[in-house]
Amino acid sequence: MAKLTFGGGVHPYDGKALSKDKPMKTIIPTGEMVYPLSQHIGAPAVPVVKKGDRVLTGQKIAEAGGFVSAPIYATVSGTVKGIEPRRVVTGDLINSIIVDNDGLLEEVAYTPHEPDKLDKKEIIELIKEAGIVGMGGAGFPTHVKLSPKEPEKIEYVIANCAECEPYLTSDYRRMIEEPEKLVEGLKIILRLFDNAQGILAVEDNKPDCVKILTEMTQNEPKISVAALKTKYPQGAERQIIYATTGREINSKMLPADAGCVVDNVDTIVAVYHAVKEGKPLMNRIVTVTGDAVNDPRNFYVRIGMNYKDLIEEAGGLKCTPEKIVSGGPMMGFALFDLNVPTTKTASALLCLTHDEVSAMEPTPCINCGRCVAACPSRLVPTRLAVLSEHYDEEGFVANDGMECVECGCCSYVCPAKRHLTQAIKSMRKNVLGKRKKA
Ligand code: SF4
Ligand code: SF4
């Protein structure tokens with residue numbers, strides 16, 4: 001049963017007005033393009049080109065390195081300059097294919113399909129071959145997510161249109177400018193699950209999107225639109241499943257265990273491009289915003305182009321940013337170097353001024369309990385952070401630390417500016433790493 005919201009959560013300043021009303025702008029990149037071989041969860045992709053090869057836009061340059069992996073495609077034409085480690089947004093050095101862009105954008109020929117004439121296996125194969133991964137940030141290969149053990153038990157395909165992260169407006173622009181691709185993409189995914197209903201789950205701070213999508217789906221008996229209460233992290237997988245279906249999952253469960261599949265807007269549109277037009281994943285929408293940017297807006301970006309060039313396209317900086325973040329302010333990565341490539345999971349580039357960043361140093365906990373009230377996973381963040389700081393792994397797990405969804409609500413509400421999420425996140429990473437090795 002739909003609840004349309006969840007317990008806990010916060011209402012941060014959303015900063016969306018900076019970019020939401022400007023139409024998307026397409027960028028034609030110049031210069032070198034960088035394609036990290038690990039831009040998804042799972043095995044790195046394996047290069048199928050070598051230095052000196054000429055490549056075309058839409059040509060496969062790396063194949064999947066296993067079932068849980070995804071191929072990578074050139075997004076411009078040019079010459080392979082080399083395959084070497086390059087810095088990515090997380091600060092890690094990742095082996096990458098470098099293409100010297102010739103500016104000609106010469107393209108391979110694509111084969112469009114009639115989705116209604118394809119069977120389930122053919123649809124999954126097209127999604128797999130297109131290199132689609134969760135573009136909301138997770139990067140989990142979509143063909144794996146869409147291949148649960150018991151597809152007949154999937155009752156809901158939830159299109160995650162919440163876009164609850166402050167400042168981000170790329171899904172909003174997509175719903176305003178290309179809603180038909182979202183609806184068609186959802187219909188394609190629904191063809192994989194005989195017993196499923198589609199839910200377009202939108203936060204109620206986007207009434208125009210709710211209206212457009214409701215009108216577009218009025219003759220689609222298998223699709224409904226849910227207007228969810230606006231609250232962060234409404235778009236987190238567990239929270240959106242609870243809000244739309246009343247079902248709960250924990251860290252040991254997959255959405256499929258609750259009869260659900262959740263995909264974000266850009267991922268569903270990528271499915272549309274792959275199946276209907278036969279095009280691999282080459283583009284995504286990136287919000288470039290923040291008070292330090294001259295012309296905040298959304299860009300239609302060819303994956304592989306440099307972050308520095310994105311800022312230039314947004315009119316450059318009007319002052320030195322206090323903080324630059326890849327992704328949203330709650331869950332994104334602070335960047336120390338702008339010379340990094342956009343990837344399949346790059347949703348936003350935020351350039352925040354001093355006023356936008358609370359630059360206070362953390363002070364001791366005053367036991368106010370706000371972090372507990374804000375936590376959507378019903379945890380005690382302050383206790384978990386202390387356990388993490390003391391490397392008490394056993395205590396951390398016993399206190400349900402692994403149920404944290406890393407949403408950042410606790411840090412956001414903490415008046416002492418304690419780095420709660422950061423501490424909890426690093427302990428979770430530790431425990432997950434050990435579980436994988438075991
Ligand atoms: S403990 Fe985890 S789930 Fe709870 S508010 Fe903090 S980051 Fe979010
Ligand atoms: S919100 Fe901050 S100050 Fe308040 S209890 Fe939690 S950690 Fe302590």
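How do the residues of the shell around ligand 1 divide into nonpolar, polar and charged?

1. The shell around ligand 1 in this predicted model divides into twelve nonpolar residues, three polar residues and one charged residue. There are 16 residues around ligand 1, and those that come nearest are Cys375, Cys404, Cys407, Cys409 and Cys410. As for where the shell comes from, helices α12 (409-413) and α13 (420-437) each supply at least two of its residues, and the largest share, three residues, is that of α13.

2. Ligand 2 has 14 residues around it, of which Cys365, Cys368, Cys371, Thr382 and Cys414 come nearest. When the shell around ligand 2 is sorted by class, nine residues are nonpolar, three are polar and two are charged.

3. For the protein as a whole, the model contains 13 helices and 17 strands. Its radius of gyration is 21 Å, close to the 22 Å given by the globule rule for 438 residues, and the protein is therefore as compact as a globular protein of that length. The C-alpha trace spans about 60 × 50 × 50 Å along the principal axes. Of the 438 residues, 51% are buried.

4. Strand β9 (residues 156-161) deserves a careful look, since six of its six residues are buried and the strand is mostly covered. Tyr156, Ile158 and Asn160 point one way from β9, while Val157, Ala159 and Cys161 point the other way, and the residues on both sides are buried.

5. The partners of β9 can be followed in turn. Strand β10 (residues 197-203) runs parallel to β9 and is joined to it by six bridges, with valine 157 standing opposite glycine 198 of β10. Strand β12 (residues 260-264) also pairs with β9 in the parallel sense, over five bridges, and here alanine 159 has aspartate 263 of β12 as its bridge partner.

6. A further set of strands shows antiparallel pairing. Strand β2 (residues 32-36) and strand β8 (residues 93-101) run antiparallel and are joined by five bridges, and one pair to look for is proline 36 with its bridge partner serine 96 in β8. Strand β7 (residues 78-87) pairs with β8 in the antiparallel sense as well, over nine bridges, and glycine 78 has asparagine 101 of β8 as its bridge partner. Between β7 and β8, which form a hairpin, there are five residues, and glycine 91 in the turn has a positive phi of about 95°.

7. Why is helix α3 (residues 170-177) described as largely enclosed by the rest of the structure? The reason is that six of its eight residues are buried. These buried residues of α3 are Ser170, Asp171, Tyr172, Arg173, Arg174 and Met175, and a reader may wish to find them one by one in the view above.

8. Methionine 402 is placed in the loop between α11 (393-398) and α12. Is methionine 402 buried or partly exposed? With 19 other C-beta atoms within 10 Å, methionine 402 counts as partly exposed, because a residue is called buried only if 20 or more such atoms lie within that distance. If residues up to four places away in sequence are left aside, methionine 402 touches Ser251, Val397, Arg428 and Val431. The C-alpha atom of methionine 402 is separated by 43 Å from that of proline 112, a residue 290 residues apart from it along the chain.

9. The last point concerns the division of the protein into domain 1 (114-277) and domain 2 (370-437). The C-alpha centres of these two domains lie 28 Å apart, and seven residues of domain 1 are in contact with six residues of domain 2. On the side of domain 1 that touches domain 2, three residues are nonpolar, three are polar and one is charged.

Conventions. Residues are numbered from 1 along each chain as its sequence is written. Chains are lettered from A and ligands numbered from 1 in the order in which they are written. This is a predicted model: local features need pLDDT of at least 70, side-chain atom pairs count only at pLDDT 80 or more; totals for chains, interfaces and linings use all residues. A residue is near a molecule or strand if its C-beta atom, placed from the backbone, lies within 6 Å of it. Ala, Val, Leu, Ile, Met, Phe, Trp, Tyr, Cys and Pro count as nonpolar, Asp, Glu, Lys and Arg as charged, and the others, Gly among them, as polar. Helices (H or I, at least four residues) and strands (E, at least two) are DSSP runs, numbered from the N terminus. A residue is buried if 20 or more other C-beta atoms lie within 10 Å of its own, exposed if 12 or fewer, and partly exposed in between; C-beta atoms are placed from the backbone. Two strands pair if DSSP finds at least two bridges between them. The radius of gyration is taken over C-alpha atoms; the globule rule is 2.2 Å times the number of residues to the power 0.38. Two residues are in contact if their C-beta atoms, placed from the backbone, lie within 7 Å. Domain bounds come from an automatic or database domain assignment.
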